[in-house]
Structures are given as structure tokens and as C-alpha cells.
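Please have the sequence and the structure open as I speak.

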Amino acid sequence: MTRRFSAHHGLRRGLVPLVVLALAGALGAQEAAPSPQEEAGRLYNPGAVQERTPTVDLDNDEYIKELEKGLRCTCGCNLDIYTCRTTDFSCATSPALHREILALHNDGKTAQEIMDDFVARYGDQVLMSPKPEGFNLAGYLVPGIVMVLAGLLLTAHLLRKRRGRVVVPVAEVNSATLPSGIEASPEELEHLRQELLREDL
Amino acid sequence: MTLLGHFSLWAALLVGLWGVVIAFSGKWRTRPDLAASVNRSTYALLACLLVASFALMVGLLKHDFNIEYVASYTSRNLPEYFIFSAFWAGQKGSLLFWAVVLATFSALAQFLTSRRYADLLPYVAGVTSLVTVFFVIVMLFSSNPFERLPFTPPDGNGLNPQLQNVGMIIHPPMLYLGYISITIPFAFAIAALLSKRLDTGWILAIRKWTLLSWLFLSIGITLGMWWAYVELGWGGYWAWDPVENASFLPWLTMTAFLHSVMIQEKRGMLKRWNLGLIIGTFLLSIFGTFITRSGVISSVHSFTQSSVGYYFLGFLVASAVASFALLYLRWPLLKPEVKLESMLSREAAFLFNNLALVGIAFSVLWGTLFPILSEAVQGTKVTVGPPFFNKVNIPLGLFLLALTGIGPLIAWRKASASNLQRQFRWPVASGLVVLAALLLFGMRNFYAIVALSLSGFVLGTVAQEFYRGARARHRIHGESYLAATYHLFGRNRRRYGGYIVHVAILLYFVAFAGAAFRVDQEATLKPGESADIRSPYGHTYTLTHVGVSQYEALNRVVSVATLEVARDGKKLGLINSEKRQHVDSFGRPQFQPSTEVGIRYNLQEDLYVVYAGAVQGTEEAVFRFTINPLVVWLWLGGVLLIIGGITTMWPSEAGAIRPIPSAAAERPEPAGV
């Protein structure tokens, strides 16, 4: 992301410090130019808005974001650190955790080392998904196993039920070529045709 | 008024118990006057709870802060329309709201149900009264909305700012209506089991109720997503929070039921499964209430932790044991009338659709409860968040999306090769065209590609169904294609309304696929400064901070940050995001400042702006900019889903659809147990 002054606003607002500088120079003052902070007007009611620190480059770093999405905020909200610190911006815990992560990152720690550090300090609960080891494996595997088993059982059950049945595809049935063994009378087939006609039209 | 409220709740308890005792004693079978009495008890129960609700509403509107509930959730400067939503904003009020809505549904069920099912109605009244009585007991003995304080505070605490949103006026009631109306199909299912009337009669009696319940749940969940998106300021709409999951669970099983019930209606199969689904759906609705109110699992949505959780847990266990025991006793009476004839049939497709829906429900339930299980087994609580749920549920969801297209096209009983070829040729082609286009445009996200391609396939199936139906009417009746399409709805609203719902669901999937391409960035800007953010579509938005203005409104101080938006240099207009500091009637700050996001949307993407805060109390502001591709399709899908849902419930010109008779279906039922 770039950060720059737009033409018309920048020009208008840029004139003020220039005039101040010119006056200061004329008076022989040795003061520095006003810092950017002093350029922004003060709010009428500052207490009505959360206080924030200016954004740094690492706030937008995808690596840091992904790392924070894997770690839970300890404020009790159930959200990951990234989501919590960017949700309504009212949590004081997640920005602090974010700063901890940045500090560890700046110390040269890898993502895994940062996660291990968090687990050591806050316990396994700080991970947004449990480590796939020990009993936690059940968390990952049980839904899949149950689904596969249910699918297999359902298929086996259905195949067992239809074994030995003589069935003619619906599209090929007509009363004139009705094979023996089909469980439908001509009246039923006629009723079926009427029903299908009514449903379709 | 609190005296009236207390009295009404006690009267409701006695009236409800009368209905329960008479209904389940069975004496009404030989005493028509008792049967009428059970029926009338539902109306009396409703009257008692309406009086209690009136008493609470008067307390809220008159700012009677001596009532603990009124003092906790309202203040003198709370806008009146939010005073109404305060009725269900807190635990105690929501319990009363639940009870009164359930009593209303119970009375409507008694009043509207055809006399053909007269022998089921006393049991239905018994079940609904029992559930209502449970809520009244919880209120009277644990969470009474008419509890008084030992003193009268000059003002109340006010309503949480995040609940002061139009979405919160309608989202919770819709979800409650969905949860609560599930009790009616459940009551009919239990009545059918008790009375041994296990033909398709009870299914036909509850058709509208199940659709209504599903529709309310769908609207409630979608509105919840919308509220989270526009109010919470995180740029998303679903976080797999336990309470979100709790609302999703009955929706999944109810959706499964709506599909499998068609097999019972048409083919006399899946009777046991359908009863199990309805019982399961009811239990999941109670489970959701338990999760929200017990504090057993931490959630941003939870009410304050209290003892009501134990009441709900007890009720949940008792209901489960009683219902499944009854189902077990009637098991031999629930044999299917015909058997499945082919794996290549609509019945089989619907069975796998049910497997996927129940599978997703199981995995969501498993993930929601796993932290408790882990704590019990390992002694350590773990977190199961979005990474887990996405990993497990995305493949299942895509399987379900594929079945959404397959189910309606495949023939009943057994599909032939020619049938498959004729039905699937064009839909598969439409899916492949979408796939090719996505690859051509450089999309490489696997799940997004699959979701969008399957959406193309499902859209192809629906378009083909409409086209074929309209073409047939055009040929037979000589109608124009437009008139023919209109009349298709008139002939079979359930079927074509269902197709609209399918399109709505695929729109949801389109929006979900878009989430894979979300972009977000933070920036700190002084007035006049700009930030650029690049869309996944390739263009660039430039956002220029204009300034921050502040003003005082009724119950808040509002700080509005304004940005000028340009796309690839072309100015689009202004976008505002607010911070709101709510104050009480003495001007003292209440709660943390809340956010009102600024959203500029189109069919491609949303530009989502959040004013995060101020740097050292100046106009220098921290913003978060998010580009959310395809989100608007979620809301369009929601609107379409409502249209489709209402269409399915609207009476057909052709009247009720009769089941297809078969030789087996006409065999007499085996002797009862």
C-alpha cells in the first residue's frame, strides 16, 4: 500500500506549514518544521473514539496475519488474534498479543517457534485448532470415519435390500412391454403417468 | 404490573399442567369433553403468557427500573424501537418471548390443523404444553423477568450498542421463531408415535410447519450473518462460534428432513429415519438453547452464565430418552412400504443428500463439543476454531452442492442410462463451461473453482427444469414461454419453489467462494492522505481521508470518518465509517465505543471500511480497508431463499400432491405393537 498526499487536499493543507516556516525563518527562529502529528486537527471529543497507535508495515504482513489467525485471543472472545484485534477494535488484549508476536518475529523467531512460545505461556487452548496428536487425532478423524462408515453401511444396506429384485428402468417401462415380475399393474402405471404429467406441467 | 406478570406465569403453569396431564393420561379418548378441554387449554395458556408479556412490555415502556430486567437492558434515552428488542435481548425476557411464541404456535396448530387429524391433536397439545410449561418453570424458579430490585435506580444500564442495530430487532426473533416452531412438527411426530397413526398423515399435517420452521431458521441465520457483517466490523459473516453452530445444527437436520420426507410421501420409505430426524431437530434446538444459556462453552453470543443451563440439560436428556424410547417401541410399525430399487435413483440421491447433511451436522456438533470432551479425557481444554470446521465441512458442503443438482434430475425408482444422458448433458456442460472460464481467467484456488463450477452445474439443472416445463406447456397449451413459466409455479409450487431455493443456496456458495479472495489492509491516514488497495479483480481503489466530524445524538456521541473513494483514478464518491460512544441519560459513557462500518457494494465486491480509532485524539485515523469479493450474492441469495420458501408454502392450484401408489403401499399395515 502506498501512502501519499492527494493533490488538492495536500496543496491546501501544505500551505499552512510553509507559511509558518517562512515566518519562523523571517524571525530567525531555529525551530524545526511541524511534525505530521501536529498537522492533524484535534478531535472535539477525543474520549469518544478508541485510542490507536499508528499502523506499522508488519500490521499488514500476510505472514503475520496468517500466524495470528492460528492463535486464539486470550480475552475470552473465541476469536483468533487477528480477527479479534480487527473486530470493533475494542479489545485491549489482542493488540497486546499482536505486539508480542511482532516482538518475537523481530527477534528472528519462526512461526513454529512463536506458536510454541504461545503454547508454553497460554496452554494448548491458544491454538485455534488442536495439534493433531494423541487424543486430538480423534477430533480430526472421527467425523471422517463416521461419514465413511455411514456411507459404506448405507450403500451395503441398500444393495442388500435390492438384491434379487427385478427392476426395469422407469424410462423404458410401458404397459405393452411390461416384463414379468414388475410390481405395478397397468392401472398403476397409467396413474403414474398422469401423476408425472401433472407434476411436470 | 410485576404482580400481574407473576400471577400470569403461575396461571400459565397450572393451565399448562392441566393440559399435559389430561393429554397424556389418555382419558380424553373416551371423554370428548376432556379432548375439547385439552384443546382449549392451549388457548388459555396463550392468554396467560400474553398477559405476562404485556406486563413486561409495559414495564419496559414505562422505564420501571425497579424491575431488574428493565434496569439491566434499557435506559431512559434508548430509542423506543430498541425498547421492543430489549424484550428478547436478555435471558429472562427471551425465555418469556420463547414461551409466548410457542404458546401462539401451539394454539395456531390446534386451530388450523384439519379435523382429519383430530385424534392426534390432544397429544400435540400435550407435547407443546409440556415444552411451554418447562419454560414457565425455568422463569418461575430460576430466571424470572418480573424480579424486583430492592431499590429503584435513576436510570438503566441501557442496551448493548451492538444490539442497537435494525438487524438485531429482527434477527433474534426470526431465529427464535425457527427454533420454537420446530416444536410443532416434533409434537405431531410424538403424537403419531403415541397414537400409532404412523401412515403419512402426520407428515402431511406438518408440511407447512416444517417449511415455516426451516424458513424462519434460514432467515434468522442469514440475518445473523448480515448483522455480524455490518455491525461487528471484522469483515466476515461466519466465525464457527458455538452459538452460530448451534443455530446451524437444526437447520441442517431440518433440511435433511425436508428432502427425505419426499421419499416417504412418494414411496412410503424412510419412516423411521424421518421420525428420527424430527426428534433430532427438536433436541438440537434445545441443545442450542442450552449452549447459549449454560456458559458451558464460551461464546461471544452467550447470555450471562446462570443456573438455567442445568434446567435445559435435564430437559434435553429427558426429552431424548423419552422420544427415542417411544420410537424404539414403535419400531416394528415403521417398516418401509417399498424398498429401494436402484442406487441410480432419486431416492438414493436423497439418501446421500441426507448423509451429507447429517454428516455436516455431526462434524459441527463434534467440533463444538470436542473442547469439553478433550477436557474430560485429557484434562486440558483445546480450541476448535474455523481452521478445523473449514477443513472438515468444505468438502462435505461441495458434495452437498453437487447433490443439489443431481437429486432433482435423476428419476424415481431407477434411472436408465438414456435418462441420465438426457437429464445431465446440458447441466454438466454448463458446469464445464464455468470451469473452463475460471481456469482461463487465471483462478487457481481449488475449492473456489470447484464451488463455482458446481454452482454452474446446479444453475444448469434448474434452468433446464424450467425450460423443459415451460416448453411442454408452450406446446400443449400454446402459452408464451413467460406465461408458461408463471403457470409452472401455479401447478406445482413446492417443486418450483424448491428450485428457487436451490438457486439461492448456490448463490450462498458463490459468496463463500468469494471469501477465498478477500484482501484487507490497515492504514493510518491524516486528513488529505490517501491509501491504495488492490482488488483481486485487478483494479485499484484509492481512499483519501477527508476528515473526522463529531456530533451528539440521542444516546451517543458519534465520530464520523469520511473518505473519498476513487477506482483507478475515477472518483466514486464518499464513504463514512463511525465510532459511537453510547452515553446514559446523564451523559456518562456506557460500554466500549462501537463501530458502524462503511460499505460500498456492487455485484463484484464490497469495499468495506472500518474507522478503527484515532491517533492521540486527533483526526489522524487508523482504518481497516477490506475488499470482500461476491459478498452481495449472499444477501441476494437470502432474499431469493425467502421468495423460494414462501413459494413452496403457497397452496398449489392443483391441490395437494398425492403419493404414487404401489402394490406394496396398498398392503395393510402390520398389526400394532
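**A strand pair and its sheet**

Let me begin with one facing pair, in which B:Tyr611 stands opposite B:Phe623 of strand E9 in chain B. Before I go further, please keep in mind that this is a predicted model, in which local features need pLDDT of at least 70 and side-chain atom pairs count only at pLDDT 80 or more, while totals for chains, interfaces and linings use all residues. As for conventions, residues are numbered from 1 along each chain as its sequence is written, chains are lettered from A and ligands numbered from 1 in the order in which they are written, and side-chain values use heavy atoms, with hydrogens and water left out.

Strand E8 of chain B, residues 605-614, and strand E9 of chain B, residues 621-629, run antiparallel and are joined by nine bridges. When I say helix or strand, I mean a DSSP run, numbered from the N terminus, of at least four residues for helices (H or I) and at least two for strands (E); two strands pair if DSSP finds at least two bridges between them.

How many bridges join E1 to E9 in chain B? There are seven, and the two strands run antiparallel; within this pairing, B:Val519 has B:Ile627 of E9 as its bridge partner. Six of the seven residues of E1 in chain B are buried, so this strand is largely enclosed by the rest of the structure. Buried here means under 20% relative accessible area, exposed means over 50%, and partly exposed lies in between, with a 1.4 Å probe and protein chains only.

Let me turn to the aromatic rings. Over all chains, a search of the whole structure finds 45 aromatic pairs. Rings of Phe, Tyr and Trp (its six-membered ring) pair if their centres lie within 6.5 Å, and planes under 30 degrees apart count as stacked, over 60 as edge-to-face and the rest as tilted. The rings of B:Phe287 and B:Phe290 have centres 6.5 Å apart and planes at 45 degrees, so this pair is tilted. Both residues lie in helix H11 of chain B (271-294), three residues apart, about one turn of the helix, and both are buried.

A tilted pair is also formed by B:Phe466 and B:Tyr496, because their ring centres are 5.2 Å apart and their planes stand at 50 degrees. B:Phe466 lies in helix H16 (446-477) and B:Tyr496 in helix H18 (493-514), both of chain B, so the pair ties together parts that are 30 residues apart in sequence. B:Phe466 is buried at a relative accessible area of 14%, and B:Tyr496 is buried at 1%.

Helix H18 of chain B also holds B:His502, which is buried with a relative accessible area of 14%. Leaving out residues up to four places away in sequence, B:His502 touches B:His259, B:Thr404, B:Pro408, B:Val458 and B:Val462, contact meaning heavy atoms within 4.5 Å.

Two further buried positions deserve a look. B:Ser218, in helix H9 of chain B (201-232), counts as buried at 3% relative accessibility. Its side chain reaches the backbone oxygen of B:Trp214 at 2.7 Å, and, beyond four places in sequence, B:Ser218 touches B:Trp251 and B:Leu641. B:Ala52, in helix H2 of chain B (32-61), counts as buried at 0% relative accessibility; setting aside residues up to four places away, B:Ala52 has contacts that include B:Gly5, B:Leu96 and B:Phe146.

Finally, chain A has eight helices and one strand, and buried residues make up 36% of its 201 residues.

Definitions and conventions: A polar contact is a pair of N or O atoms within 3.5 Å; within protein, one must be able to donate a hydrogen and the other to accept it, and residues adjacent in sequence count only if both atoms are side-chain atoms.
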